[in-house]
There are 2 protein chains.
Amino acid sequence: MIKKLEQNLATKFNIHFNDPKLLDEAFTQASYVNEHPNQGLKYYERIEFLGDAVLQLTVSEYIYQRYPELPQGKLSRLRAAMVQEDSFSKFALECDFDKYIRLGHGEEMAGARQRPSLLCDIFESFIGALYLDQGKAAVEEFIGQVIFPKLDQGWFDHAVDYKTSLQELLQRDGDVDIEYVVINEVGPDNDRKYQVEVRADNKKIGAGAGSSKKHAEMQAAQNALNELRQAGN
Amino acid sequence: MIKKLEQNLATKFNIHFNDPKLLDEAFTQASYVNEHPNQGLKYYERIEFLGDAVLQLTVSEYIYQRYPELPQGKLSRLRAAMVQEDSFSKFALECDFDKYIRLGHGEEMAGARQRPSLLCDIFESFIGALYLDQGKAAVEEFIGQVIFPKLDQGWFDHAVDYKTSLQELLQRDGDVDIEYVVINEVGPDNDRKYQVEVRADNKKIGAGAGSSKKHAEMQAAQNALNELRQAGN
């Protein structure tokens with residue numbers, strides 16, 4: 001099974017493992033080891049422990065660099081949306097990783113192969129194995145194909161879209177007119193800052209600033225949301 | 001203040017920042033930025049977000065390599081003991097980081113400079129700045145001086161010492177005779193496996209295996225603890 005995984009990785013991602021034993025370990029569940037004792041097999045959990053931390057850093061670093069205006073709270077929300085079971089299990093399926101997991105008979109019968117928590121674990125353990133075998137740059141390249149394009153495809157927009165959240169909150173009990181108004185622009189063209197107010201039915205409910213109107217609006221929406229929530233909405 | 005921090009880092013750790021602005025950012029709290037508007041200052045939260053993930057990975061990788069026998073559950077417990085506010089705030093004090101934080105007046109008066117949560121944040125943001133300025137190897141070297149020696153000093157033993165935890169639990173209500181017995185040894189000399197039972201007053205209460213007697217005993221103790229706790233102890 002691992003031979004086929006190696007072929008799949010080579011064809012799909014041009015990844016060639018120096019030490020295929022790491023792949024063995026990354027794709028083997030404890031239930032399989034228990035059914036094949038005395039073979040010196042290892043199961044994926046330790047590598048998964050490492051892979052989890054590798055993913056956290058790789059994703060954190062990417063969004064930190066890519067969104068220089070995003071405050072820490074939004075970075076955390078975005079990372080949480082990207083680094084979670086639901087996302088990772090989908091990525092694992094997309095990479096066909098489900099086909100190569102070594103499971104014990106009972107787990108197989110119980111449908112573990114399609115279980116999101118297992119698929120998520122395997123995605124993390126694969127990343128751990130890749131990191132051990134080829135280092136951080138190889139992980140970045142892989143994730144650059146599998147995860148990061150999904151940012152542009154809107155997979156994680158819900159995590160950072162404060163304008164929509166604000167609209168939903170305000171229009172919960174009926175129509176409200178929401179308006180974003182640029183009230184100030186400062187700085188030279190190459191370092192322009194915008195100050196924006198958000199108004200509900202012509203009343204100011206929040207303000208924000210940023211290096212683009214969009215960012216300033218997003219910040220104003222976030223600010224308004226915080227105010228409204230503190231007021232008990 | 002940042003000049004003195006640079007001197008401190010050079011003297012104590014032989015660290016020289018290429019971009020001292022990263023240090024400015026890492027040691028500046030939002031309250032200070034609020035009191036000094038229009039200076040284009042940044043506060044530490046974004047860098048802290050990154051530093052947190054850098055620390056997670058650096059510590060994970062170190063204990064993964066150093067304890068090749070430790071199962072994932074114990075690695076997680078050990079990491080949690082190392083990567084936490086209480087530990088980081090102590091490390092920050094040890095590095096004299098408290099002296100260099102830029103705080104707003106109100107926060108200063110409120111005693112924020114000695115607040116563990118702030119010290120922890122600053123430790124993480126410093127790591128983020130070091131990572132951005134000089135990469136992962138520099139962080140590993142710094143942590144190799146500040147955190148890793150504490151493993152040998154026993155700072156985190158409580159996180160992995162199941163034998164002591166078991167003893168404490170069993171002897172809560174009086175003296176109990178606890179014994180670890182090797183019941184089997186298999187494999188060649190260079191890949192020997194030990195199976196160990198732990199007995200309380202001559203009754204078996206757990207079993208474990210490992211590549212050394214010590215690890216097998218630790219696992220037996222953990223197994224016994226799990227059993228006892230499930231039984232409501």
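Colleague: How many salt bridges does the rule find across the interface of chain B and chain A?
Modeller: The model is predicted, and side-chain atom pairs count only at pLDDT 80 or more. One salt bridge joins the side chains of B:Arg79 and A:Asp52, with N to O at 3.9 Å. The cut-off is 4 Å, so this pair qualifies. Across the interface of chain B and chain A, the number of salt bridges found is 2.

Colleague: Which element gives the largest share of the side of chain B that touches chain A?
Modeller: Three elements of chain B give two or more residues to that side: helix H4 (45-66), helix H5 (72-82) and helix H8 (116-134). The largest share is 15 residues, and the element that supplies it is H4(B).

Colleague: What is the make-up by class of the side of chain B that touches chain A?
Modeller: The contact takes 28 residues from chain B and 28 residues from chain A. On the side of chain B, the classes are 15 nonpolar, 5 polar and 8 charged residues.

Colleague: How many residue pairs are in polar contact across the interface of chain B and chain A?
Modeller: For this count both residues must be at pLDDT 80 or more.

Colleague: Which three residues supply more than any other three of the area that chain B buries against chain A?
Modeller: Chain B and chain A bury about 2,400 Å² between them, with 64% of it on carbon and sulfur atoms. Of the area that chain B buries against chain A, 36% comes from three residues: B:Arg46, B:Phe49 and B:Tyr64.

Colleague: Why is H4(B) described as largely enclosed by the rest of the structure?
Modeller: H4(B) has 22 residues and reaches 31 Å from its first C-alpha to its last, close to the 32 Å expected at 1.5 Å a residue. A residue is buried when its relative accessible area is under 20%. H4(B) is called largely enclosed because the number of its 22 residues that are buried is 16.

Colleague: Is B:Gly128 buried or exposed?
Modeller: B:Gly128 is found in helix H8 of chain B. Leaving out residues up to four places away in sequence, B:Gly128 touches B:Ile47, B:Leu50 and B:Gly51. With a relative accessible area of 0%, B:Gly128 is buried.

Colleague: Which residue has its backbone oxygen 2.7 Å from a polar atom of the side chain of A:Arg113?
Modeller: A:Arg113 lies in the loop between helix H7 (105-109) and helix H8 (116-134) of chain A, and at 16% relative accessibility it counts as buried. Beyond four places in sequence, the residues that A:Arg113 touches include A:Lys99, A:Tyr100 and A:Glu108. The backbone oxygen at 2.7 Å from a polar atom of the A:Arg113 side chain belongs to A:Asp98.

Colleague: What is the phi of A:Asp201?
Modeller: A:Asp201 is found in the loop between strand S2 (193-200) and strand S3 (203-210) of chain A. At 46% relative accessibility, A:Asp201 counts as partly exposed. Although A:Asp201 is not a glycine, its phi is positive, at about 50°.

Colleague: Where is B:Asp96?
Modeller: B:Asp96 is a residue other than glycine with a positive phi, near 60°. At 23% relative accessibility, B:Asp96 counts as partly exposed. The place of B:Asp96 is the loop between helix H6 (85-94) and helix H7 (105-109) of chain B.

Terms used:
Residues are numbered from 1 along each chain as its sequence is written. Chains are lettered from A and ligands numbered from 1 in the order in which they are written. This is a predicted model: local features need pLDDT of at least 70, side-chain atom pairs count only at pLDDT 80 or more; totals for chains, interfaces and linings use all residues. Side-chain values use heavy atoms; hydrogens and water are left out. Contact means heavy atoms within 4.5 Å. Buried area is the accessible area (1.4 Å probe) that two parts lose on being put together, summed over both. A polar contact is a pair of N or O atoms within 3.5 Å; within protein, one must be able to donate a hydrogen and the other to accept it, and residues adjacent in sequence count only if both atoms are side-chain atoms. Helices (H or I, at least four residues) and strands (E, at least two) are DSSP runs, numbered from the N terminus. Ala, Val, Leu, Ile, Met, Phe, Trp, Tyr, Cys and Pro count as nonpolar, Asp, Glu, Lys and Arg as charged, and the others, Gly among them, as polar. Buried means under 20% relative accessible area, exposed over 50%, partly exposed in between (1.4 Å probe, protein chains only). The expected span of a helix is 1.5 Å times one less than its number of residues.
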